[in-house]
Amino acid sequence: MKLIIQAPGALTTVQDLGRWGYQAIGMPVSGAMDAPALIRGNILLGNPDGAAALEMTLMGATVQFKDGEGAITITGGNLQPKINNNPVNNWTVLPVKNGDILTFGGFCGKGFRTYLCVSGGIDVPLVMGSRSTYMKAKIGGLEGRKLAKGDELVTGQQGFYKTGINCPENLLPDYSFSPLRTVLGPQDDYIKPEGIKTFFDTEYKISSSSDRMGCRMEGGEIIEHIKGADIVSDAIPMGAVQIPGQGLPIVMMADRQTTGGYVKIGVVHALDVARLSQLPPGTSVKFSQITQEQGIEISKIEAVKLNELRSHVSEAINSVSSEHGAMNIIVNGEKFFVTWERL
């Protein structure tokens with residue numbers, strides 16, 4: 001199946017879960033800003049968790065499906081999606097056929113980034129094990145750039161899926177406005193004790209200068225350093241909170257640099273980095289302190305939810321009451337892609 005980009009939206013790129021394992025040689029991870037949304041969309045479609053999808057920021061793209069049929073899921077922010085001008089739901093497996101057109105109603109009503117996952121995933125060349133677009137280096141995705149009108153993308157081998165399956169509400173990502181859970185370190189001892197208190201007590205606003213590399217905070221008191229803002233450059237993990245010379249936090253996001261020379265007061269949990277990525281500029285946020293052990297427990301809970309979603313999808317596909325569905329089958333060594341519909 002092909003995807004024809006009739007209108008690209010504000011910023012639409014191909015993203016998967018990123019190219020992990022190459023920071024030591026200077027290559028950023030990149031990947032989806034809201035990984036939990038992308039993973040859930042892929043699970044619903046029977047794709048590998050990290051299958052490549054389209055990440056749309058602020059405004060949705062207009063996409064026509066050609067030369068085949070399949071299914072899609074739309075996850076993350078709600079851009080009021082429509083197929084052939086008929087409203088459809090997020091977090092649901094939706095059938096698409098040759099000639100269908102996906103549009104969106106405009107700016108995100110809730111959320112800031114939307115993911116279009118497709119059965120089989122977006123099939124673009126792998127670069128260091130990932131299909132993610134890293135625009136600063138012009139690698140990955142489609143020619144290392146954001147999508148433009150007239151671009152064509154193809155999908156990979158489709159797996160098992162059933163149209164109509166959705167993600168139960170209790171298994172959706174947490175998009176609440178609760179504080180961003182943060183583990184102190186590794187250079188919190190470079191910050192004055194009153195600066196640590198300021199960090200957790202202050203309500204910040206997301207700056208309009210935020211991007212895929214870092215989420216900058218505005219407002220509140222200045223956080224003062226003990227030994228200055230600079231350190232010998234070291235590795236930058238996802239969610240690291242730098243406190244540069246001006247004393248205001250910057251949370252490192254998907255396209256973060258591999259190393260940095262500013263003091264890091266703490267690290268935001270990856271699930272809350274994803275939640276932060278769905279908040280538009282001007283939104284107020286706070287930080288809350290957790291221990292490393294608490295962070296591990298949060299990750300375990302997320303793993304349980306994803307496994308429950310996999311079970312939910314598997315049970316629905318194997319149900320004899322399926323109204324629509326598709327699967328790959330092998331007969332005498334020959335592979336066939338089969339769809340069905342209850343009449």
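Biologist: Which side chain meets that of E143 in a salt bridge?

Modeller: Side chains of opposite charge can pair when their charged atoms come close. A salt bridge is counted when a side-chain nitrogen of Lys or Arg is within 4 Å of a carboxyl oxygen of Asp or Glu. Here the side chain of E143 meets that of R145, with 2.9 Å from N to O. Please note that this is a predicted model, in which local features need pLDDT of at least 70 and side-chain atom pairs count only at pLDDT 80 or more, while totals for chains, interfaces and linings use all residues. Residues are numbered from 1 along each chain as its sequence is written, and side-chain values use heavy atoms, with hydrogens and water left out.

Biologist: Is E143 buried or exposed?

Modeller: The terms rest on relative accessible area: buried means under 20%, exposed over 50%, and partly exposed in between (1.4 Å probe, protein chains only). E143 has 60% relative accessibility and therefore counts as exposed, whereas R145, at 26%, counts as partly exposed. A second salt bridge joins K97 and D100 at 3.3 Å from N to O. In that pair K97 is partly exposed at 47%, and D100 is buried at 6%.

Biologist: How many salt bridges does a search of the whole structure find?

Modeller: The search finds 16 salt bridges. One of them is formed by E302 and R40, whose closest N and O atoms are 2.9 Å apart. E302 lies in helix α4 (residues 292–318) and R40 in helix α1 (residues 35–45), so this pair ties together parts that are 262 residues apart in sequence. Both E302 and R40 are buried. Helices (H or I, at least four residues) and strands (E, at least two) are DSSP runs, numbered from the N terminus.

Biologist: In what order do the strands of the open sheet stand?

Modeller: Strands of a sheet pair through backbone hydrogen bonds, either parallel or antiparallel. Two strands are taken to pair if DSSP finds at least two bridges between them. The open sheet has 8 strands in the order β20-β13-β14-β17-β16-β19-β12-β21, and its pairing is mixed. At the edges stand β20 (284–285) and β21, each with a single partner strand, so one side of each is left without a neighbour in the sheet.

Biologist: Which helix lies across β12 and β19?

Modeller: Helix α3 (residues 270–277) lies across several strands, including β12 and β19, and runs at about 135° to β12. Such angles run from 0 to 180 degrees between N-to-C directions, the axes being lines fitted to C-alpha atoms, for helices over the stretch in contact; contact means heavy atoms within 4.5 Å. In α3, 6 of the 8 residues are buried, so this helix too is largely enclosed by the rest of the structure. The buried residues are D272, V273, A274, R275, L276 and S277.

Biologist: How many aromatic pairs are there?

Modeller: Rings of Phe, Tyr and Trp (its six-membered ring) pair if their centres lie within 6.5 Å; planes under 30 degrees apart count as stacked, over 60 as edge-to-face and the rest as tilted. The count by this rule is 3 aromatic pairs. The rings of F199 and F200 have centres 4.9 Å apart and planes at 65°, so they are edge-to-face. For F199 and F287 the centres are 4.4 Å apart and the planes stand at 25°, so that pair is stacked. F199 is buried at 0% relative accessibility, and F287 is buried at 2%. One aromatic cluster is formed by F199, F200, Y204 and F287.
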